[in-house]
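Dear colleague,

Here is the structure I promised to pass on. My notes on it follow below.

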Amino acid sequence: MDDIPVDVKLIDIIDYVGDSVRPIREGSAVHDAKHIICIGYTAKHLDCVEISGYVCQSSHPNQIPHKVELKLADSIDNWVLKCSCKAGTNRCKHIVACLLELNRTGKAEYMTCTSATQAWGTTKAEKSVPWGAKPIAELCCVHCPKRAEPTDAALKNNILAESFSRILRGR
């Protein structure tokens with residue numbers, strides 16, 4: 001399946017949020033920080049499109065991301081928007097960030113149930129966190145040369161002693 005056009009206007013987002021500026025401000029910050037891991041449509045009907053997205057937790061980026069479910073219809077009165085976050089509101093920053101992404105791209109690609117997180121067949125200890133931070137040395141594009149280490153213990157001690165005395169002399 002290909003990309004589909006998604007017409008989410010900025011004025012619709014503002015109308016949906018209502019009088020509060022906070023969700024727009026915080027949702028924009030989440031979007032600009034590129035915390036949206038993936039977003040795409042899961043179903044397309046005559047009267048609406050269903051979209052799922054995963055957004056990193058701002059306070060705990062290494063934990064499981066929030067799942068955002070958007071059911072977008074032609075009229076914002078018929079929108080049904082949900083997020084798994086603790087905010088408990090359908091106007092949270094994660095939903096707004098996803099709406100802003102759709103507004104800016106104007107499209108959504110098809111997302112299957114396996115496009116996002118997949119947990120079957122692995123234990124909790126084996127499961128890796130693909131969205132978590134990693135040390136630079138673990139990145140595939142980084143190749144750290146190995147330092148040559150003397151195999152002779154006496155030679156290694158002499159090198160360390162000489163280096164230490166140079167540091168103390170200031171040379």
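Asp-15 has a relative accessible area of 47% and therefore counts as partly exposed; buried means under 20%, exposed over 50%, and partly exposed in between, computed with a 1.4 Å probe and protein chains only. Asp-15 is found in helix H1.

The model is predicted: local features need pLDDT of at least 70, side-chain atom pairs count only at pLDDT 80 or more, and totals for chains, interfaces and linings use all residues. Residues are numbered from 1 along each chain as its sequence is written, and side-chain values use heavy atoms, with hydrogens and water left out.

Helix H1 covers residues 10-17 and also holds Ile-14. Ile-14 is partly exposed because its relative accessibility is 40%. Together with Leu-10 and Ile-11, Ile-14 makes a nonpolar surface patch of about 260 Å². Patches are made of residues with over 30% relative accessible area and no salt bridge, where like charges are joined within 9 Å and nonpolar side chains (Val, Leu, Ile, Met, Phe, Trp, Tyr) within 5 Å. Areas come from the Shrake-Rupley method with a 1.4 Å probe; for residues, only the protein chains shown count as cover.

On the chain as a whole: there are four helices and six strands, in the order β-α-α-β-β-β-β-α-β-α from the N terminus. Of the 171 residues, 28% are buried. The accessible surface is about 12100 Å², and carbon and sulfur atoms account for 54% of that.

Next, the sheet. Four strands form an open antiparallel sheet in the order S2-S3-S4-S5; strands pair if DSSP finds at least two bridges between them. The edges are S2 (36-44) and S5 (80-83), each of which pairs on one side only. Details of the pairing:

- S2 and S3 (residues 48-55) are joined by seven bridges, and Ala-43 has Glu-50 in S3 as its bridge partner.
- S3 and S4 are joined by eight bridges, and Val-55 has His-66 in S4 as its bridge partner.
- S4 and S5 pair over four bridges and form a hairpin with six residues between them; Leu-70 stands opposite Leu-81 in S5.

Helix H3 (residues 93-105) packs on this sheet and touches S2, S3, S4 (66-73) and S5, its direction making about 55° with that of S4. Contact means heavy atoms within 4.5 Å. Axes are lines fitted to C-alpha atoms, for helices over the stretch in contact, and angles run from 0 to 180 degrees between N-to-C directions.

Last, the charged pairs. The whole structure has seven salt bridges, each a side-chain nitrogen of Lys or Arg within 4 Å of a carboxyl oxygen of Asp or Glu. One of them joins Lys-9 to Asp-7, with the closest N and O atoms 2.6 Å apart. Lys-9 is partly exposed at 39% relative accessibility, whereas Asp-7 is exposed at 57%.

Which residues are linked in a network of salt bridges? They are Glu-162, Arg-166 and Arg-169. Glu-162 meets Arg-166 at 3.4 Å and Arg-169 at 3.6 Å, N to O. Arg-166 and Glu-162 both lie in helix H4 (residues 153-169), four residues apart, about one turn of the helix.

Regards

Note on methods: Helices (H or I, at least four residues) and strands (E, at least two) are DSSP runs, numbered from the N terminus.
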